[in-house]
Amino acid sequence: MQELNIIPYLHAFVIQFVIITVIYFAVLIAIFCDLWAGIRKAKQRGEYRSSFGLRKTIGKVSNYYNMLFVVTIIDILQMLLVMLLNNNTSVILPALPFLTFAGGIFACIIEVKSIFEKNTDKEKARVQETAKALSEILKNKDNQEAFAAFLDFIKQEKPKTESSE
């Protein structure tokens, strides 16, 4: 019976673990760079910075890492298969986390695009969203009347209440 030498497998595992850790850390750095750029751009536009943007960042981290976890599981299975093939056949294939590489690159490209997105592009998108919402309101005649009443209400001065001192 042939003895199994585990040292090469441990060495390969450590290398793969380091590669996967670097990919995960690179995605996290890209997300935080985008957060920093977003805060800086909001300051330039004079916008109020609230916890809404931070919640969006947390959601983004969750989405990216969910995707990375799934592709990493597929990569682990793929790397185990490659190691078994390398051990039992004469074919030598690299046991690398290809899908995790691709997922990490995909997430980082999205973040870089977001970082370099101009303020005017974000402002244009916000105006387009507002115009679309307004057109939806104005499509229905009942909504037009409600919208006009709402605008009249906003324009009116509210009566000042007297303090009871």
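Mentor: In this predicted model, confidence is highest in helix H3 (residues 98-116), at a mean of 92, and lowest in helix H5 (residues 141-155), at 65; the score is pLDDT, the predictor's confidence in each residue, from 0 to 100, and helices are DSSP runs (H or I, at least four residues) numbered from the N terminus. Over residues 157-165 the pLDDT is below 50, and beyond near neighbours in sequence this stretch has one contact (heavy atoms within 4.5 Å) in the model. Residues are numbered from 1 along each chain as its sequence is written. Local features need pLDDT of at least 70, side-chain atom pairs count only at pLDDT 80 or more, totals for chains, interfaces and linings use all residues, and side-chain values use heavy atoms, with hydrogens and water left out.

Trainee: Why is the pair of Phe13 and Phe17 called stacked?

Mentor: Rings of Phe, Tyr and Trp (its six-membered ring) pair if their centres lie within 6.5 Å, and planes under 30 degrees apart count as stacked, over 60 as edge-to-face and the rest as tilted. The centres of Phe13 and Phe17 are 6.2 Å apart and their planes are at 25 degrees, so the pair is stacked. Both residues lie in helix H1 (residues 7-45), four residues apart, about one turn of the helix.

Trainee: How do you know whether Tyr24 is buried or exposed?

Mentor: Buried means under 20% relative accessible area, exposed over 50%, and partly exposed in between (1.4 Å probe, protein chains only). Tyr24 is at 13% and therefore counts as buried, whereas Phe69, at 45%, is partly exposed.

Trainee: What makes the charged end of Arg40 sit over the ring of Trp36?

Mentor: The rule asks that NZ of Lys or CZ of Arg be within 6 Å of the ring centre and within 35 degrees of the ring normal. The charged end of Arg40 is 5.0 Å from the centre of the Trp36 ring and is counted as sitting over that ring.

Terms used:
Helices (H or I, at least four residues) and strands (E, at least two) are DSSP runs, numbered from the N terminus.
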